[in-house]
Amino acid sequence: MNSLSTDEPTAQGAADGVPASLREVMARFATGVTVLSTGGEHIHGMTANAFTSVSLDPPSVLCCVDRSAVMHKAITAAGHFGVSIMEAGQEGLVRFFADKKRPLGPGQFAGVDWSAGPRTGAPLLSGALAWLECELSAAHDVGDHSIFIGEVVGASRGGARDGLLFFCGGFRRAVPHSG
């Protein structure tokens with residue numbers, strides 16, 4: 001078997017702190033960074049990196065949200081959500097929407113440049129690399145999170161700028177391939 005590293009894997013069982021080990025292992029998986037949002041009566045935003053595409057037919061994505069999070073209640077109540085795929089220069093905005101001490105409701109969007117999505121009304125953050133609007137099509141509870149499946153009802157993209165990644169506990173820049 002070929003190995004990418006000379007480090008050997010170590011076995012750990014449930015008694016050895018698997019949740020902490022899982023967090024450490026998953027930190028080594030680079031992910032994109034998004035801000036999820038809902039509009040209208042349940043307006044809310046939240047930074048998320050547990051996000052991925054699911055299907056092209058029907059066009060679908062998923063996001064994972066802790067069941068105790070305000071966003072969980074907001075998506076469930078609204079039945080839709082927006083996704084802003086963040087650009088490398090938006091780390092401050094990402095940190096803001098990750099801060100549990102920020103204002104809730106409309107106050108969290110004061111001073112933030114955004115537009116209401118034409119299909120869902122969800123706030124879509126200006127300057128992002130791309131935006132999606134999704135209608136909630138399924139929710140699955142797994143452990144302390146729910147997996148929300150959204151059918152994409154609107155998609156658009158901005159200019160070719162550097163993407164924002166989260167890797168090993170910090171933000172990194174992803175440079176688009178030229179050519």
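1. Met26 counts as partly exposed because its relative accessibility is 45%; buried means under 20% relative accessible area, exposed over 50%, and partly exposed in between (1.4 Å probe, protein chains only). Met26 sits in helix H1, residues 18–26. Helices (H or I, at least four residues) and strands (E, at least two) are DSSP runs, numbered from the N terminus. Met26 also belongs to a nonpolar surface patch of about 470 Å², together with Val18, Leu22, Val25 and Phe29. Patches take residues with over 30% relative accessible area and no salt bridge; like charges are joined within 9 Å, nonpolar side chains (Val, Leu, Ile, Met, Phe, Trp, Tyr) within 5 Å. Accessible areas come from the Shrake-Rupley method with a 1.4 Å probe, and for residues only the protein chains shown count as cover.

2. Basis of the model. This is a predicted model, in which local features need pLDDT of at least 70 and side-chain atom pairs count only at pLDDT 80 or more, while totals for chains, interfaces and linings use all residues. Residues are numbered from 1 along each chain as its sequence is written, and side-chain values use heavy atoms, with hydrogens and water left out.

3. Confidence. The chain averages a pLDDT of 88, and 90% of the residues score at least 70. pLDDT is the predictor's confidence in each residue, from 0 to 100. Residues 1–6 stay under 50 and have zero contacts beyond four places in sequence. Residues 8–15 are also below 50, with three contacts in the model beyond near neighbours in sequence. Contact means heavy atoms within 4.5 Å. Where pLDDT is low, the predicted coordinates should not be read in detail.

4. Overall make-up. The protein chain has three helices and 12 strands. Of its 179 residues, 36% are buried. Among contacts between residues at least 6 apart in sequence, 62% join residues at least 24 apart. The chain exposes about 10,600 Å², and carbon and sulfur atoms supply 57% of that area.

5. Main core. The largest nonpolar core has 16 residues. A nonpolar core is a set of buried Ala, Val, Leu, Ile, Met, Phe, Trp, Tyr and Cys residues joined through side-chain atoms within 4.5 Å. Leu36, Cys63, Val65, Met71, Ile75 and Phe81 have the most contacts inside this core. Two or more residues each come from strands S3 (44–48), S5 (59–66), S6 (80–85), S9 (130–142) and S10 (145–157), and from helix H2 (70–78). A second, separate core of 14 residues includes Val94, Phe97, Leu125 and Trp131. In soluble globular proteins, nonpolar side chains tend to be buried together.

6. Which residue lies 8.2 Å from Leu36, C-alpha to C-alpha, yet 35 residues away in sequence? That residue is Met71. Met71 lies in helix H2 and is buried at 0% relative accessibility. Beyond four places in sequence, Met71 touches Leu36, Ser37, Thr38, His44, Gly45, Met46 and Val65. Counted in the same way, the contacts of Leu36 include Cys63, Gly82 and Val83.

7. Phe81 lies in strand S6. Its relative accessibility is 0%, so Phe81 counts as buried. Its contacts beyond four places in sequence include Val61, Cys63, Ile75, Ala122, Leu132, Leu136 and Gly150.

8. Salt bridges. A search of the whole structure finds two. The criterion is a side-chain nitrogen of Lys or Arg within 4 Å of a carboxyl oxygen of Asp or Glu. Side chains of opposite charge can pair when their charged atoms come close. Glu91 pairs with Arg95, the closest N and O atoms being 2.9 Å apart. These two are four residues apart in helix H3 (residues 91–98), so about one helical turn separates them. Glu91 is partly exposed at 28%, and Arg95 is partly exposed at 48%.

9. Asp162 and Arg173 form a salt bridge, 2.9 Å from N to O. Asp162 is in the loop between S10 and strand S11 (163–167) and Arg173 is in strand S12 (residues 170–174), so the pair ties together parts 11 residues apart in sequence. Asp162 is buried, with a relative accessible area of 18%, whereas Arg173 is exposed at 52%.

10. Check the backbone at Pro58. The peptide bond from Asp57 to Pro58 is cis, with omega near 0°. Pro58 is placed in the loop between strand S4 (51–56) and S5.
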